[in-house]
Amino acid sequence: MSTSRTGADSRDELREQISAAGIEIDVSGRRLQEYSYDASNYRVPPLAVVFPQSVQDVAAVVRACAATNTALTSRGGGTSMAGNAVGPGVVLDFSRYMNKILDVDLKAGIADVQPGVVLADLAAHVEQVSSARLTFAPDPSSKNRATVGGSVANDACGNHSVRYGRTSDHIWELDLVTADGSRLTATNDGVHATDPDDAVSAARAATITDDLTQLVHKHLAAFRLELGRIQRQVVGLPPGEPAARKRLRRRPSPSRLGRHLRRGGGGEDEAGTQAGKRAAAVCRVQRRSRRSTRPRSDSGV
Ligand SMILES: Cc1cc2nc3c(=O)[nH]c(=O)nc-3n(C[C@H](O)[C@H](O)[C@H](O)COP(=O)(O)OP(=O)(O)OC[C@H]3O[C@@H](n4cnc5c(N)ncnc54)[C@H](O)[C@@H]3O)c2cc1C
């Protein structure tokens, strides 16, 4: 949840910019009330609610928010319980239009989806087209409302995560829009411009890669010792914070990043990629999901 607020001038400018781009923006009192809450106890009325229909819309909104110094909060099903999906600026609702399953490659076990797809819909579709051979495994109890975008951001898990892993274990590739409107794609090989001919985004990808590499070098010891001691570590940890260190030591369960760093060899590259998924992900606009082999009838954990 971010905290900046705009003045009246920049608010008008923001609305003008978004409307001029032909993007649906709603500032009605009713809509602002509806989006002032999620499944948490927090209530934060936004300035506006925007319903993007394409990646281009997302990039335009992100740029408008950056230009007017307006907070931006992405939102899927709004089922977060810690105020994750409410914010004082623009709320970008992916669930209304950007909710399509674009492709399912049964051979590769990869689905190409927009971020507003509801988890249960994705799982049902994959099960249907694969004759119940494949599914999308992450299954939080909120799965009939929760979307892929929100589940990536929260690294959602669920009843079967002990056996089949969390959402982060099922991501093949993420298309990202950064705060300056650059379009990047994050894979296990690193972050690169989604369109190789897009020089601005390529430069941004290079900067992010450099910054992350430096970050890893600077905090390598802390990353090796502290990261991944709890399984679902979706926020950073001040390396020197003693209470947190003590808590973490109780669960020696290394994450992929932690494991890789401990193994050594190419650690900087993978660390850069993993951190990049979080650092650069202003919006996750499209993703492919790795194959999940859970049979249709849940066999328990
Ligand atoms: C009854 C109930 C049961 C639950 N059970 C579980 C459970 O078993 N396991 C579990 O892990 N969680 C659970 N949750 C928490 C929550 O439902 C999940 O984490 C869920 O995956 C969130 O998805 P969402 O689409 O509702 O995300 P939202 O709440 O809309 O958003 C979550 C976060 O993702 C960000 N976000 C959303 N879309 C995008 C995007 N396109 N790009 C970038 N960021 C984005 C938002 O800004 C926010 O920070 C439960 C919640 C409830 C209310």
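Two strands are taken to pair if DSSP finds at least two bridges between them. Helices (H or I, at least four residues) and strands (E, at least two) are DSSP runs, numbered from the N terminus. In this structure, Arg75 stands opposite Asp93 in β4. The model is a predicted one, in which local features need pLDDT of at least 70 and side-chain atom pairs count only at pLDDT 80 or more, while totals for chains, interfaces and linings use all residues. Residues are numbered from 1 along each chain as its sequence is written.

## Overall composition

The protein chain contains 11 helices and 10 strands. Of its 301 residues, 43% count as buried. A residue is called buried if 20 or more other C-beta atoms lie within 10 Å of its own, exposed if 12 or fewer, and partly exposed in between, with C-beta atoms placed from the backbone. Two residues are in contact if their C-beta atoms, placed from the backbone, lie within 7 Å. Among contacts between residues at least 6 apart in sequence, 62% join residues at least 24 apart.

Helix α1 covers residues 8-20, which is 13 residues. From its first C-alpha to its last it reaches 18 Å, close to the 18 Å expected at 1.5 Å a residue; the expected span is 1.5 Å times one less than the number of residues. Gly22 follows α1 and has a positive phi, near 75°.

## The four-stranded sheet

An open sheet is formed by 4 strands in the order β1-β2-β4-β3, with mixed pairing. Because β1 (24-26) and β3 (72-75) stand at the edges with a single partner strand each, one side of each is left without a neighbour in the sheet. Neighbouring strands are turned by 25° against each other on average, direction ignored. Axes here are lines fitted to C-alpha atoms, for helices over the stretch in contact, and angles run from 0 to 180 degrees between N-to-C directions. Strands of a sheet pair through backbone hydrogen bonds, either parallel or antiparallel.

| Strand pair | Bridges | Direction |
|---|---|---|
| β1 and β2 (residues 48-51) | 3 bridges | antiparallel |
| β2 and β4 | 3 bridges | parallel |
| β3 and β4 | 4 bridges | parallel |

Ile25 has Val50 in β2 as its bridge partner, and Val50 stands opposite Leu92 in β4.

## Nonpolar core

A nonpolar core is a set of buried Ala, Val, Leu, Ile, Met, Phe, Trp, Tyr and Cys residues joined through C-beta atoms within 7 Å. The largest such core has 55 residues, and those with the most contacts inside it are Val50, Val61, Val90, Leu92 and Leu122. Helix α3 gives the most to this core, with 7 residues. Val61 touches Ile18, Ile23, Val50, Pro52, Val90 and Leu92, not counting residues up to four places away in sequence.

## Ligand surroundings

The ligand is surrounded by 31 residues, of which the closest are Gly76, Gly77, Gly149, Gly150 and Ala153. A residue is near a molecule if its C-beta atom, placed from the backbone, lies within 6 Å of it. β3, α5 (148-154) and β10 (283-289) each supply at least two residues of this shell. The largest share, 5 residues, comes from α5.

## Loop residues

Val117 is found in the loop between β6 (110-113) and α4 (119-129). Val117 counts as buried because 26 other C-beta atoms lie within 10 Å. Leaving aside neighbours within four places in sequence, Val117 is in contact with Asn99, Lys100, Ile101, Leu122, Thr147 and Val148. Val117 and Val148 are 31 residues apart in sequence and 5.8 Å apart in space, C-alpha to C-alpha.

The loop between α4 and α5 holds Ser131 and Ala132. Phi is positive in Ser131, near 50°, and in Ala132, near 70°; neither residue is glycine. Ser131 is exposed, with 9 other C-beta atoms within 10 Å, whereas Ala132 is partly exposed, with 13.
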